[in-house]
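Subject: The model we talked about

Hi there,

Here is the structure I promised to pass on. Have a look at it first, and then read my notes below.

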Amino acid sequence: STRHSDPGRLRTVRCRLHQICVIVMTLAKNLFKARLAKPETQIGLWMALAHPGAAEICAGAGFDWLVIDAEHGTNGLAEIIAQLRVISGSSHPVVRVRENDRALIKQMLDIGAQTILVPMIETAAEAQEAVGSVRYPPEGARGVGAALARASDYGRITDYLHTANKQVCLLVQVESCKGIDALDEILAVEGVDGVFVGPADLAADMGYVGQPEAAPVQAVVVEALSRIRAAGKPAGILTSNRELAQRYALMGVEFLAVGADVGVFARGLAELRQAFP
């Protein structure tokens, strides 16, 4: 019989000859990464409430992927692992780390994140550094401690060190004028699985603080998304503007986040209160 477990897959093989039960653990396939290669748009949601109950509600809503945001907000290690536990099996969790830090990325991978989003990438060298952080040697420099980690089901996935590189997905975030200028070089870095355009920081860097929907900003955003896809890389973006989201979807953007838990919660409460003046 076969059943799925998180983060790996448990397969029970019964041997009739010896009447014994052999347990073989194999690493779960990263379906989000596999789908990035298909002509489809995966719809996602940002999460910053930093609570497993809120994450469980978001996961039950049917989003393809959910970002656990550790760059902004209050998500710490304990909150992240709790959310990974309740999300897996419903939606694909993506962890956005606070910076391009090798030790931090290693820790996120060890607690079971298979997809990492690294913010503020501005050069090919920084993208290459991130690639090295998510991969075991000889392809990278990820520290080896999987036997102690949730990612290997605490050592039960015995071939984890040999299979993890293939299932880890690295998304890099370009969100500054410098990053846009270096976009072609970043796209050429082997091991980058997708490029996410950050419109809020980009708008600020362009002199449009708080105005990511401004026409000059959107012109740069749309061009960047087109360049990413033309280079054969999956493109991603976040917007809570439904009209813009539809436009990005029509462009064929592969991973599109259409809101954030904080915003949805705040707007829902405001609308409910306003209904009873």
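**Strands and barrel**

Strand S4 (residues 42–47) and strand S11 (residues 255–260) run parallel and are joined by 4 bridges. Before going further, please note that this is a predicted model, in which local features need pLDDT of at least 70 and side-chain atom pairs count only at pLDDT 80 or more, while totals for chains, interfaces and linings use all residues. Residues are numbered from 1 along each chain as its sequence is written, and side-chain values use heavy atoms, with hydrogens and water left out.

As for terms, helices (H or I, at least four residues) and strands (E, at least two) are DSSP runs numbered from the N terminus, and two strands pair if DSSP finds at least two bridges between them.

Within the pairing of S4 with S11, Gly 44 has Ala 257 of S11 as its bridge partner. S4 also pairs with strand S5 (residues 65–69), again in the parallel sense, over 4 bridges; here Leu 45 is partnered by Leu 66 in S5. Of the 6 residues in S4, 5 are buried (under 20% relative accessible area with a 1.4 Å probe, protein chains only; over 50% is exposed, and in between is partly exposed).

These pairings belong to a barrel that 8 strands close in the order S4-S5-S6-S7-S8-S9-S10-S11, with parallel pairing. From one strand to the next, the twist averages 25°. Strand S9 (residues 194–197) is joined to strand S10 (residues 235–238) by 3 bridges, and Phe 196 stands opposite Gly 236 in S10.

**A helix pair**

Helix H2 (residues 52–59) packs against helix H3 (residues 77–87) at an angle of about 30°, with the axes 9 Å apart. Axes are lines fitted to C-alpha atoms, for helices over the stretch in contact, and angles run from 0 to 180 degrees between N-to-C directions. H2 and H3 are therefore roughly parallel to each other (angles under 35 degrees; over 145 is roughly antiparallel, 65 to 115 roughly perpendicular and the rest oblique). The contact (heavy atoms within 4.5 Å) is made by Pro 52, Ala 55, Glu 56 and Ala 59 of H2 with Ala 82, Gln 83, Val 86 and Ile 87 of H3.

**One glycine in a loop**

Gly 140 sits in the loop between helix H5 (124–134) and helix H6 (160–167). Gly 140 is buried, at 18% relative accessible area. Leaving out residues up to four places away in sequence, Gly 140 touches Gly 132 and Arg 135.

Best wishes
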